[in-house]
Amino acid sequence: MRSRKPLVVGNWKMNGDRASGERLLSALVKGVDAALGARVGVAVCPPYPYLEQARAALEGAPIELGAQDVSSFDNGAYTGEVSATMLLDFGCRWAIVGHSERRALFGDDDEAVVAKAGRALEHGLGVIVCVGETLDEREGELTETVLARQVGALKAIGSKADAQRFVVAYEPVWAIGTGRTASPEQAQSAHAFIRARLADAGFAAATNTRILYGGSVKPANAESLFAMPDIDGGLIGGAALSADDFIAIARAAANAQG
Ligand code: PEP
């Protein structure tokens, strides 16, 4: 039995609409019962406009709500931004920060990531901070250099981060949405490295911090990934859009718990 309760988070990205969201949410509410919720944390992160719909649908269910990003600013003249307090107002427990798509397409660098995560934590919003190397970086044997830089940049928030509200997701960029998964051994080695770097960066809670794996997790590969000692659940993209697959992945995380 591990001391860290596993967590499985669905990142819906910019997919779906009101009707498909309703179907997905109602299937999740039926499939994630209290017994499963007691063994594994489950959360979904729909697009911003659907947060209220999801909040209402998930009421009373053991499924938490999260957003896919959060502003580094407090409320004010920041057109297009959504603040941590707004997300809390809509029942969010989590915000994903530094997803590789935001890093690659929207200019979220290490500095922006730590500013967003710090602001969220300050307001009591949990964060799931994504880190991971590109294919070129892995092939250039730079995986640990990149992870050390990305985790090291979080040093400024080490003292604000407790194990309940601070989660890291290791997402090798080459495995996201590609169908190509890191092997359990590759992922375990990255997770152990990240945990050690968190401790070096002043995260007192490093031993208890949940480190999720993300990158083409499916029901077929979830169990072997989650069996690894430093893999504490998953951040799930494509498979989170199917209630059956997502629930099967949550069950795999619960089973890995022992
Ligand atoms: C993600 O985008 O966080 C992700 C892991 O996507 P996928 O599961 O589709 O690879």
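**Figure 1. Aromatic pairs in the predicted model.** Three is the count to keep in mind: a search of the whole structure gives 3 aromatic pairs. The model is predicted. A pair of aromatic rings is described by the distance of the centres and the angle of the planes. Two of the pairs are shown in the views that follow, Phe166 with Phe203 and Tyr170 with Tyr213.

**Figure 2. The stacked pair of Phe166 and Phe203.** The ring centres lie 4.8 Å apart. Phe166 belongs to strand E6 (residues 166–170). Phe203 sits in the loop between helix H9 (184–200) and strand E7 (210–213). The pair therefore ties together parts that are 37 residues apart in sequence. Phe166 is buried, at 1% relative accessible area. Phe203 is buried too, at 3%.

**Figure 3. The tilted pair of Tyr170 and Tyr213.** Centre to centre, the rings are 6.3 Å apart. The angle between the planes is 55°. Tyr170 lies in strand E6 and Tyr213 in strand E7, so this contact links parts that are 43 residues apart in sequence. Tyr170 is buried, with a relative accessibility of 0%. Tyr213 is also buried, and its relative accessible area is 0%.

**Figure 4. A charge over a ring: Arg93 and Trp94.** Here the charged end of Arg93 sits over the ring of Trp94. The distance to the ring centre is 4.5 Å.

Notes: Residues numbered from 1 in each chain as written. Predicted model: local features only at pLDDT ≥ 70, side-chain atom pairs only at ≥ 80, totals over all residues. Heavy atoms only, no water. Phe/Tyr/Trp six-rings, centres within 6.5 Å; stacked < 30°, edge-to-face > 60°. Helix = DSSP H or I, 4+ residues; strand = E, 2+ residues; numbered from the N terminus. Buried < 20%, exposed > 50% of the residue type's maximum accessible area, 1.4 Å probe, protein only. Lys NZ or Arg CZ within 6 Å of the ring centre and 35° of its normal.
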